[in-house]
Amino acid sequence: MASPTILPPGVVLAPLISPVPFPPPPCNKGQLLNWETDNVCILTEGWNTGQDLRFFILTCVCVTALAVFLEFLRMTLRYYDDYLFCKHVYYKPKRSGPDPGSAAVKDNNSHNVDGPHAHQRCAHPGHQHPVFEDPEILQRIRYRPSPLEQLVRTIIFTLIVANAYLLVLIAMSFNGFIILSILVGSLFGFFGFQWVCLSG
């Protein structure tokens, strides 16, 4: 049997107890509109601003950027749909025999718009073409995207829905500064990305 270890006088062993982790600050879970800047939780308890004002300001900036990104995604989907429709008009397949809608794909000088530079015309949303100025011809044109094009449209639409619901959940923190950040982001996003030409 081993003899017990004798310690010198004045030496005391520390208890073998693991240190208790410092608990995170509690979240401010008020269900009413508030203007708190401390312990504001966004979505989860892990996203807690604590008592650091700089981190709270950074959170507001991120929420604002998220709202701006939503308007950017909406603009992207609209421009992509316009591009697909424009490409369909310029690259309309040729048929054997007279085509009643062939006048829609010719310019004022009676030159066919099909050609190697047609994609450049579609790349500029401001380009005017007679087909877009005639509502009767425009209503007769139909285009169904290919599976790959529809997949791209679906991905963009899914990002729009996810971003929108994420902003709704963030707004449910009921913090006035967070809600104002969403409004400011929507304001600048709509002003910058939805400034387009209107048509009747």
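Rings of Phe, Tyr and Trp (its six-membered ring) count as an aromatic pair if their centres lie within 6.5 Å; planes under 30 degrees apart make the pair stacked, over 60 edge-to-face, and the rest tilted.

The model is predicted: local features need pLDDT of at least 70, side-chain atom pairs count only at pLDDT 80 or more, and totals for chains, interfaces and linings use all residues. Residues are numbered from 1 along each chain as its sequence is written, and side-chain values use heavy atoms, with hydrogens and water left out.

**View A. Aromatic pair Trp-35 and Phe-177**. The structure holds five aromatic pairs. In the pair of Trp-35 and Phe-177, the ring centres are 5.1 Å apart and the planes stand at 85 degrees, so the pair is edge-to-face. This pair links distant parts of the chain, 142 residues apart: Trp-35 lies in the segment before helix H1 (53–90) and Phe-177 in helix H6. Helices are DSSP runs (H or I, at least four residues), numbered from the N terminus. Ring pairs join Trp-35, Phe-56 and Phe-177 into a cluster.

**View B. Aromatic pair Phe-191 and Trp-195**. The two rings are 5.3 Å apart centre to centre, with 45 degrees between the planes, and the pair is tilted. Both residues are exposed (over 50% relative accessible area; buried is under 20%, partly exposed in between; 1.4 Å probe, protein chains only).

**View C. Start and buried residues of helix H6**. A side-chain oxygen of Asn-175 comes to within 3.0 Å of the backbone nitrogen of Phe-177 at the start of H6. Buried residues in H6 are Gly-176, Ile-178, Ser-181, Ile-182, Gly-185 and Gly-189.

Definitions and conventions. Helices (H or I, at least four residues) and strands (E, at least two) are DSSP runs, numbered from the N terminus. A polar contact is a pair of N or O atoms within 3.5 Å; within protein, one must be able to donate a hydrogen and the other to accept it, and residues adjacent in sequence count only if both atoms are side-chain atoms.
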